[in-house]
Amino acid sequence: MIPMLGEEEAQAAADAVRSGWVAQGPRVKQFEQEFAATVGAGHGVAVSSCTTGLHLSLVLLDLRPGDEVIVPSLSFIATANAVRYVGATPIFADVDLATGNLTVETIDAVRTPRTRAIIAVHQGGVPFDTVALRKAAADWDVALVEDAACAAGSTAHGQPAGTGAAVAAWSFHPRKVLTTGEGGMVTVDDASVATRLRRLREHGMNVSAADRHASSQPVLEAYLETAYNYRMTDIQAAVGLVQLGRLAGLVTQRRELAANYQSLLSGIDGLVPVRDPAHGQTNYQSFWVLINPGYRTSRDDVLAELAKRGVSARRGIMAAHLEPAYADVTPGPLPVTERITRDSLILPLHHKVTEGDQKYIVDVLRELA
């Protein structure tokens, strides 16, 4: 992945610096409003990362030790880590082979009376079935937190992936389609929840620094609860506003490149590229290929050969339960998760990839077959 950053982003960041207001301020507020409108949410709350956004989303639920939160192991480790931050227990569920996402069935297989919440991930930008999972969570009386780290520009059931989410956390890391360098956002529809999230990200203060400085009279703030320092800067937000204007075009380009990969790969037995699910469209934040039995070369040998030929590919999505940080956890069977993390790789897909690059990459894969 190479982030699409240009002169407009550099100018916007410079303008923020020259303004004298570089901490959380007016540009953050504008970015929150415009991002929320783009993803179909009522309110946006900018934070320092998607990880801190997930943490705050779980803080809202007042979880306690012994409470369980169902998560996919097939996700960046931050998804499971956020559960531990609040003292709850992550319970790993398996995923669908085609999408890499949780389903109602895989969640129900590990649900217990101690289940208080679910974190469902739009994995690699592939949207999970929002209608099915939201309905199931409501029927079970369990909170659903949506990890939309990769999902800016993806759609589910004809709407942006965040539309209708009780709470969703987004990432603007450089690997994402829309980047602010580091940074994230939490989107919600409930105004009172948004108000509390803004307190939680800023030490529990009942009035923001920007509002204090805007007042013509001294403001004596109060600290209403123990909270955190999870703010975004106006410099980051300035870059984000420019990026937001690029989002639709970037997603269109990525989908065209993905379609070309799919066409080129169609004649190679044993390789299955990621595709849109029936219920939505992916932004192809990551373009992964699953290696089926019968393909002549192992995933790790494919990666080594691609690297030797100058192609920067990566292993597929990690499985948290296989990492040393979770060695103390003994999950139930996760055959699909382990298959995907063992037998998949991510191919280069960004604005500088050409059709010639794609043909070269696929020619190597065809040769290894």
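Which element gives the largest share of the lining of the second largest pocket? I went looking, and noted what I found.

**Ground rules.** I'm working from a predicted model, where local features need pLDDT of at least 70, side-chain atom pairs count only at pLDDT 80 or more, and totals for chains, interfaces and linings use all residues. Residues are numbered from 1 along each chain as its sequence is written, and side-chain values use heavy atoms, with hydrogens and water left out.

**Second largest pocket.** The answer is H2, with six residues. I also found two or more lining residues each from strand E1 (43-47), helix H7 (191-201) and helix H8 (209-214), as well as from H2 (26-39) itself. (Helices are DSSP runs of H or I with at least four residues, strands are E runs of at least two, numbered from the N terminus.) I counted 23 lining residues in total, with Glu32, Arg198, Arg201, Ser208 and Asp211 nearest the centre. The volume came out at about 520 Å³.

**Terms.** A pocket here is an open set of points on a 1 Å grid over the protein atoms alone, where a 1.4 Å probe fits, with protein on both sides within 12 Å along at least five of seven lines; lining residues have an atom within 4 Å of a point. Volume is the space filled by probe spheres set on the points, which are joined across faces, edges and corners.

**Largest pocket.** I got a volume of about 640 Å³ for this one. Its lining has 28 residues, and Ser75, Phe76, Cys150, Arg175 and Lys176 are the closest to the centre. H3 gives the most, three residues.
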